[in-house]
Amino acid sequence: MRVGILGSGLMGGKLGTIFARAGHEVVFSYARSTKKLETLARDAGGAAQAGTPGEAAEQTDALLLAVHWSRVDDVLKQAGDLSGKVIFTCSLPMNADDTKLVIAHTSSAAEALAKKVRKAKVVSAFSTVPSAVLFGVFEARRKAHRPSLVYCGDDTKSKQIAAELIRDVGFDPVDAGPLRIARYTEPFALLVAQLAYEGDGGPELAYRFERFGRKG
């Protein structure tokens with residue numbers, strides 16, 4: 001698969017590197033400097049290269065949107081026509097000082113993005129996992145008891161592509177349903193991030209979901 005990275009910061013840089021090492025062609029774009037993009041591409045190895053958001057959109061099959069919410073409009077403008085493109089977003093709709101969500105309850109960043117790029121196909125994925133654990137999960141790539149990662153979207157084919165990439169990173173993909181489910185996963189992702197990054201003085205965080213079925 002050819003994957004374009006729109007936003008080569010912490011999350012975009014790590015996921016782009018993992019995609020490249022998993023065998024995909026990757027175009028890193030939208031960083032503070034061209035030098036950073038070139039460094040990311042070189043360190044990722046495989047078929048990775050640096051480019052502009054426009055080149056990432058034109059040359060790839062799917063795009064990962066991994067920028068701060070305040071930069072979404074700018075990166076979309078630079079990317080150009082996104083008609084028919086599959087876009088995975090892990091961006092949370094945070095305010096300027098990252099203290100709260102600016103979209104929540106009745107909508108989500110994923111839904112707002114879908115309205116901005118109506119001819120593209122948006123899938124919400126990768127937002128519920130802290131970037132700090134990505135390389136560890138990828139390097140382990142367990143065949144059994146893999147950690148789960150939820151994703152949601154309205155287009156079946158795009159969700160299948162998302163599931164493939166999620167497996168390549170080392171997770172077990174869990175289809176959470178339509179894109180509107182992001183209204184619930186995004187606040188959860190923020191909670192996990194806030195607790196996980198409080199450092200040694202913060203609480204230990206553990207969560208588990210169990211599926212209960214009816215006894216026949």
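**Pockets, rings and loops in a predicted model**

Strand 7 (residues 148–153) gives the largest share of the lining of the largest cavity, 3 residues. Helices and strands here are DSSP runs numbered from the N terminus, with helices being H or I of at least four residues and strands being E of at least two. This is a predicted model, in which local features need pLDDT of at least 70 and side-chain atom pairs count only at pLDDT 80 or more, while totals for chains, interfaces and linings use all residues. Residues are numbered from 1 along each chain as its sequence is written, and side-chain values use heavy atoms, with hydrogens and water left out.

To stay with the cavity, a search of the whole structure returns 1 cavity of 30 Å³ or more. The search works on a 1 Å grid over the protein atoms alone: a cavity is a set of points where a 1.4 Å probe fits but cannot get out, a pocket is an open set with protein on both sides within 12 Å along at least five of seven lines, and lining residues have an atom within 4 Å of a point. Grid points are joined across faces, edges and corners, and a volume is the space filled by probe spheres set on the points.

The largest pocket contains about 950 Å³ of space. It is lined by 32 residues, and L10, M11, A66, V67 and H68 are those that lie nearest its centre. Helix 1 (10–21) and helix 8 (182–196) each contribute at least two residues to this lining, with the largest share, 5 residues, coming from helix 8. In the lining of the largest pocket, 18 residues are nonpolar, 10 are polar and 4 are charged.

For the chain as a whole, 8 helices and 8 strands are found. The radius of gyration is 17 Å, close to the 17 Å that the globule rule gives for 216 residues, so the chain is as compact as a globular protein of that length. That radius is taken over C-alpha atoms, and the globule rule is 2.2 Å times the number of residues to the power 0.38. The C-alpha trace spans about 55 × 45 × 35 Å along its principal axes. Of the 216 residues, 48% are buried, where buried means under 20% relative accessible area, exposed over 50% and partly exposed in between (1.4 Å probe, protein chains only).

Turning to the rings, the count is 1 aromatic pair. The ring centres of F19 and F126 are 6.1 Å apart and the ring planes stand at 65 degrees, so this pair is edge-to-face. Rings of Phe, Tyr and Trp (its six-membered ring) pair if their centres lie within 6.5 Å, and planes under 30 degrees apart count as stacked, over 60 as edge-to-face and the rest as tilted. F19 belongs to helix 1 and F126 to the loop between strand 6 (121–125) and helix 6 (134–140), so the pair ties together parts that are 107 residues apart in sequence. Both F19 and F126 are buried. Elsewhere, the charged end of R141 sits over the ring of F138, 4.0 Å from its centre; the criterion is NZ of Lys or CZ of Arg within 6 Å of the ring centre and within 35 degrees of the ring normal.

Some loop residues also deserve a look. Y30, though not a glycine, has a positive phi of about 65 degrees. Y30 is placed in the loop between strand 2 (25–29) and helix 2 (34–44) and is buried, at 16% relative accessible area. H105, likewise a residue other than glycine, has a positive phi near 70 degrees. H105 lies in the loop between strand 5 (86–89) and helix 5 (109–116) and counts as exposed at 71% relative accessibility.

Finally, K119 is in the loop between helix 5 and strand 6 and is exposed, with a relative accessible area of 65%. K119 and L82 are 37 residues apart in sequence, with 7.0 Å between their C-alpha atoms.

Conventions:
Nonpolar A, V, L, I, M, F, W, Y, C, P; charged D, E, K, R; others polar.
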